[in-house]
Amino acid sequence: MDDEQLLCKWLPPLVQLSEFDGNWDNYDNFLYEIFKKDFIESRPIFKFKEVRIRKYPMVANKEQAYFHVTSVDSSKTSNDLNDRIPDLRRCERIAWIRKIIENYNCGENCNGCNKIKYWPEPYKKYKRWHFLFENFRFLVVLEERENYNLLISAFYIEHEHTLQKKIKQYEKYKAEDA
């Protein structure tokens with residue numbers, strides 16, 4: 001991965017639990033500070049609109065969106081944030097989310113990668129923008145609202161079939177858009 005990160009100068013390094021000697025509380029607090037800096041203290045812009053987060057319900061004084069970018073739902077039948085378990089691959093990449101939103105149309109700072117593929121998909125009465133960083137198997141999802149964009153999720157794509165499905169969705173969009 002280190003060689004690949006040289007391809008995109010704007011992509012921050014992974015933030016790994018091992019850097020905190022396995023101390024989950026210190027790691028979680030550090031991750032939250034990144035999240036807070038990137039989405040609460042300031043906000044990225046996509047298509048001339050701020051990217052906002054879902055705040056409620058708050059758990060342990062942390063916004064709902066934080067849990068969607070650092071954990072997975074352990075129960076497919078519940079939306080309770082207490083049913084979520086940490087996902088280290090999401091945690092390690094928390095600093096990537098804002099950078100991908102800001103650099104989705106990357107050019108001069110990228111060399112030899114497949115660039116970020118981005119496309120809209122309908123979702124209920126909204127449009128969801130998907131940002132697929134294929135080289136790193138990472139996806140960010142924003143929902144376009146009237147006056148802002150809402151951060152929905154961001155995650156590492158573990159399974160090859162899921163990655164291929166996302167690539168096909170992008171290719172379908174590009175073919176229809178042509």
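Phe133 is buried, with a relative accessible area of 0%. This residue belongs to a predicted model. The model holds 20 aromatic pairs.

**The Trp10–Phe133 pair**

- The ring centres of Trp10 and Phe133 lie 5.6 Å apart, and their planes meet at 20 degrees, so this pair is stacked. The reasoning rests on a cut-off: planes under 30 degrees apart count as stacked.
- The two partners come from distant parts of the chain, 123 residues apart. Trp10 sits in the loop between helix H1 (2-5) and helix H2 (24-39). Phe133 belongs to strand E6 (residues 126-133).
- Trp10 has a relative accessible area of 10%, so Trp10 is buried. The cut-off for buried is under 20%.

**The Trp96–Phe138 pair**

- Trp96 and Phe138 also have ring centres 5.6 Å apart, but their planes are at 75 degrees, so this pair is edge-to-face. Here the cut-off is over 60 degrees.

**The ring cluster**

- Ring pairs join Trp10, Trp96, Phe133, Phe136 and Phe138 into a cluster.

**Charges over rings**

- Arg128 places its charged end over the ring of Tyr123, 3.6 Å from the ring centre.
- Arg145 does this with Tyr126: its charged end sits over that ring, 4.1 Å from the centre.

**A cis peptide bond**

- Tyr56 and Pro57 are joined by a cis peptide bond, with omega at about 0 degrees.
- Pro57 is found in the loop between strand E2 (49-52) and helix H3 (64-70).

**Positive phi outside glycine**

- Asn61 is not a glycine, yet its phi is positive, at about 60 degrees. Asn61 lies in the loop between E2 and H3.
- With a relative accessible area of 66%, Asn61 is exposed. The cut-off for exposed is over 50%.
- Lys124 is another residue other than glycine with a positive phi, near 50 degrees. The loop between strand E5 (116-123) and E6 holds Lys124.
- Lys124 has 73% relative accessibility, so Lys124 counts as exposed.

How values were computed
Residues numbered from 1 in each chain as written. Predicted model: local features only at pLDDT ≥ 70, side-chain atom pairs only at ≥ 80, totals over all residues. Heavy atoms only, no water. Phe/Tyr/Trp six-rings, centres within 6.5 Å; stacked < 30°, edge-to-face > 60°. Helix = DSSP H or I, 4+ residues; strand = E, 2+ residues; numbered from the N terminus. Buried < 20%, exposed > 50% of the residue type's maximum accessible area, 1.4 Å probe, protein only. Lys NZ or Arg CZ within 6 Å of the ring centre and 35° of its normal.
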